[in-house]
Structures are given as structure tokens and as C-alpha cells.
Amino acid sequence: GVMTRAAFVTTLYRLSSKLGADMTTGTAEFADIADINAEFQSAVLWGAAHGIVTGKSPETFAPRENITRQQMCAILTRYLRDYLRLDLLFQFLNLIS
């Protein structure tokens, strides 16, 4: 299947909400998120505020672009390590690999 960058971030946003995590959003300079639906906008702003996602450039997120496996891995790594603070898991995985 295919998933967009905005849809992938929204999946993590919804999961985090269910986990009772910090859902504060910030502001970002992504001009191309102004015309996507409100939940996608909130998810992208949340992800950017917490360092989970970055744009394709400082002004562009590319919310409708299909996400690549590489982008998914990078986002998931930042989500698990930096947002959920699963540092010990990453240290363990580095030890056994």
C-alpha cells in the first residue's frame, strides 16, 4: 500500500493521543500544509514541535507526497527514541546487533 507523509505522521499522532502523551503543537513554517485537513495539520505541527518530523525544506513538508521506507524509519526512530524516550531499547538493540 501507499501512504502519504501527512497520513503517516497522523497515525503516530493518534497513537500518542491514545497513550496520553504530550500532544502540544507548535508552529512551523510549512506553507504547504495550509490547505490540508485540520487533523493532518495538527499532526504535522505536533511532529515538528517534538522533533519527530522535518520538512523537505524549511518551508515545505510535502504532506501529499508518498512516504518512503527510509523516511518512515527516520521518523519512527525519532518518535521512539526522542519522543517516547525508549533510549534503553535502542542501546540494547545496538549491543545485540
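This is a predicted model: local features need pLDDT of at least 70, side-chain atom pairs count only at pLDDT 80 or more; totals for chains, interfaces and linings use all residues.
**Whole chain**

Start with the protein chain in cartoon view. There are 4 helices and 0 strands, and the order from the N terminus is α-α-α-α. Along the principal axes, the C-alpha atoms occupy a box of roughly 45 × 25 × 25 Å.

Now colour by contacts or by accessibility. Of the contacts between residues at least 6 apart in sequence, 68% join residues at least 24 apart. Buried residues make up 28% of the 97 in the protein chain. The accessible surface is about 6100 Å², and carbon and sulfur atoms account for 57% of that area.

Select R5, in helix α1, which spans residues 5–18. R5 is buried and has no salt bridge. Which side chain of opposite charge is nearest to R5? That side chain is E65, 4.9 Å away. A salt bridge needs a nitrogen-to-oxygen distance within 4 Å.

Next, show what R5 touches, leaving aside neighbours within four places in sequence. The contacts are T54, G55, K56, F61, A62, P63, E65, I67 and Q71. Three of these residues, K56, E65 and A62, are the next selections.

**K56 and E65**

Show the side chains of K56 and E65. They form a salt bridge, with the closest N and O atoms 2.8 Å apart. K56 is partly exposed, because its relative accessibility is 45%. E65 is also partly exposed, with a relative accessible area of 32%. Both residues are in contact with R5, but the salt bridge here is the one between K56 and E65.

**A62**

Move to A62, in the loop between α2 (38–49) and α3 (69–83). Its phi is near 65°, a positive value in a residue other than glycine. Most residues other than glycine have a negative phi. Is A62 buried or exposed? A62 counts as buried, because its relative accessibility is 11%.

**R14 and E39**

The count of salt bridges comes to 4. For another of them, select R14 and E39, whose side chains meet at 2.7 Å, N to O. The pair links distant parts of the chain, with R14 in helix α1 and E39 in helix α2, 25 residues apart. R14 has a relative accessible area of 45% and is therefore partly exposed. E39, at 31%, is partly exposed too.

**R64 and D35**

Then select R64 and D35, whose side chains form a salt bridge at 3.5 Å, N to O. R64 lies in the loop between α2 and α3 and D35 in the loop between α1 and α2, so the pair ties together parts 29 residues apart in sequence. R64 and D35 are both exposed.

**The surface patch**

Finish by switching to a surface view and selecting F92, L93, L95 and I96. These residues form a nonpolar patch on the surface, with about 440 Å² of accessible area together. L95 counts as exposed because its relative accessibility is 71%.

Definitions and conventions
Residues are numbered from 1 along each chain as its sequence is written. Side-chain values use heavy atoms; hydrogens and water are left out. Patches are made of residues with over 30% relative accessible area and no salt bridge: like charges are joined within 9 Å, nonpolar side chains (Val, Leu, Ile, Met, Phe, Trp, Tyr) within 5 Å. Accessible areas come from the Shrake-Rupley method with a 1.4 Å probe; for residues, only the protein chains shown count as cover. Buried means under 20% relative accessible area, exposed over 50%, partly exposed in between (1.4 Å probe, protein chains only). Helices (H or I, at least four residues) and strands (E, at least two) are DSSP runs, numbered from the N terminus. Lys and Arg count as positive and Asp and Glu as negative; His and the chain ends are not counted. Contact means heavy atoms within 4.5 Å.
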